[in-house]
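Colleague: I have not looked at this one before. Can you walk me through it?

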Amino acid sequence: MDELGYWVALSRVAGIGYGRLRLLKARFGSLERAWGASVEELRASGLDDRVSIHLCQSREALSPEAELARLEQFGVAAFTVDDPRYPALLREAPDCPPVLYVRGTLPTPDRLLLAIVGTRRPTAYGKQAASELVDGLTSSGVVTVSGLARGIDTMVHRETLEREGTTIAVLAAGLDAVYPAENLALARRILASGALVSEHPPGVKLRKENFLRRNRIMSGLSRGTVVVEAGEHSGALATARNALDQNREVFALPGSVFSPESRGTNHLIQRGEAKLVLSAEDVLAEFGLDASTTRDNTRRPLQADALQVRLLAEMGASPVHSDDLARRLSVSSQEVSAALTLLELQGVVQDLGGMQYVVSSRWLSEVS
C-alpha cells in the first residue's frame with residue numbers, strides 16, 4: 001500500500017507496462033526510488049532513451065498522491081499484481097495489467113467466471129440464445145463477464161441481474177465514466193452484487209484502441225469465453241483469440257450460414273478454435289459440472305388466466321410477433337401485450353425485442 005501511488009502513476013506513463021514495472025522495482029528496490037530517478041539512472045536500469053525521457057517528463061503532470069486522492073474520490077480500489085486481492089486467473093495471463101481498478105465487489109476465488117461476448121447488433125436468434133445461455137449458467141452459480149457494450153454484452157449483464165446472479169463489466173476507460181451512457185443505470189445495478197473493472201484509473205478518457213485492449217481482461221478473468229454471435233470483424237473474435245493465447249476454453253454457438261452475424265462464430269468452430277455448444281449444459285460439462293445438480297430448478301407454479309393459456313398454446317421456442325398472436329386469437333394487441341408482460345414477469349416468456357416473444361426453455365415442456 002505504501003507504494004500504491006507509484007504503481008498507479010508509473011502505470012499511467014506511456015510505454016510502462018507490467019514488464020518494465022517489474023524491471024524498475026528489481027533495479028531500484030522500490031518504485032518510489034524509480035519514480036525519482038534521473039534519465040541516466042533509468043537508462044542504466046534497462047529502459048530505452050524514449051521511455052526514460054518520457055517518464056521524467058511525465059512527473060511534471062503526474063503525482064502519486066493526487067492519483068490516490070482521485071481513487072478515493074470516485075470510490076475505486078486499485079489492486080497491483082502483488083496484491084493477494086488481484087484476481088489469480090488474470091495474474092496468470094500474458095500482458096496482464098499491472099494495476100486493476102475495481103468498483104464494487106469481486107467474486108471469491110471459488111466462483112466460476114465465464115466471459116460471454118457477441119455482436120453489437122444481435123438478431124432475434126442471438127438474443128434468444130444469449131438469454132437461454134445466461135439463464136442456465138447463472139442458475140448454476142456462474143459469474144458472467146462482459147464488456148457493457150451495446151448488444152450481446154448489455155443483454156448478458158441485464159439478464160444476469162434479472163436472475164439475481166453476479167456479473168462483472170470490464171470498461172475500456174476510467175471507472176469515473178460509463179460508456180455507452182445509456183448503460184449508466186445498468187452499471188449502477190451491477191455494483192450492487194458485482195463489479196466494474198478497468199486497467200485505467202479514473203480520469204483516463206475513452207480511446208478506440210482501448211476497446212481491443214480490454215478484451216484480454218475479460219478473457220483473462222474467466223476460465224472460458226463463450227461467443228454467441230459475431231460477424232467476421234467483430235471485437236468478440238478478438239476476445240476469443242485472447243482466450244486462446246491465455247490457454248483458456250473457447251466456446252461458440254453455431255448460427256445460420258446465411259447470417260452475417262454468425263460468420264465469425266461459425267468460422268471459429270470450423271477452424272477448431274472453439275468448441276461447438278448448444279446450451280449452458282454443454283458449457284458446464286466442459287468444467288466437470290452437471291447442471292442437474294448445480295442448477296436451482298425451483299420455480300413458482302404457473303399462474304395464467306384463460307388468455308395467457310391460449311397465448312402459450314400458440315407459442316414455442318421460435319420467436320413470434322405479438323401482433324401475430326393477437327390476430328390468431330382474435331383479441332386486441334393491447335390485451336396480448338398486457339398478458340405477455342405478466343407472463344414475462346413470471347419468467348415464462350422472453351421478450352427478444354421488436355415485439356418478438358418466445359417461451360423460456362425451462363417452461364417449454366410444461367406449456368407444450
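**A buried serine and its surroundings**

Modeller: Serine 131 is buried, at 2% relative accessible area (buried is under 20%, with a 1.4 Å probe and protein chains only). This is a predicted model, where local features need pLDDT of at least 70 and side-chain atom pairs 80 or more, while totals for chains, interfaces and linings use all residues. Residues are numbered from 1 along each chain as its sequence is written, and side-chain values use heavy atoms, without hydrogens and water.

Colleague: Which residues is serine 131 in contact with, leaving aside neighbours within four places in sequence?

Modeller: Met155, Glu159, Arg163 and Gln350; contact means heavy atoms within 4.5 Å.

Colleague: And where does serine 131 lie?

Modeller: In helix H8, residues 124–139. Helices are DSSP runs (H or I) of at least four residues, numbered from the N terminus.

Colleague: Changing topic, which residues touch the most other members in the largest nonpolar core?

Modeller: Ile16, Leu24 and Leu221, out of 66 residues. Such a core is a set of buried Ala, Val, Leu, Ile, Met, Phe, Trp, Tyr and Cys residues joined through side-chain atoms within 4.5 Å.

Colleague: Which helix gives the most to this core?

Modeller: Helix H1, residues 4–11, with six residues. A second, separate core has 22 residues, including Leu133 and Met155. That Met155 is also in contact with serine 131.

Colleague: Back to leucine 24. What is leucine 24 in contact with, beyond four places in sequence?

Modeller: Among them are Leu10, Ile16, Leu31 and Leu55.

How values were computed: Helix = DSSP H or I, 4+ residues; strand = E, 2+ residues; numbered from the N terminus. Buried < 20%, exposed > 50% of the residue type's maximum accessible area, 1.4 Å probe, protein only.
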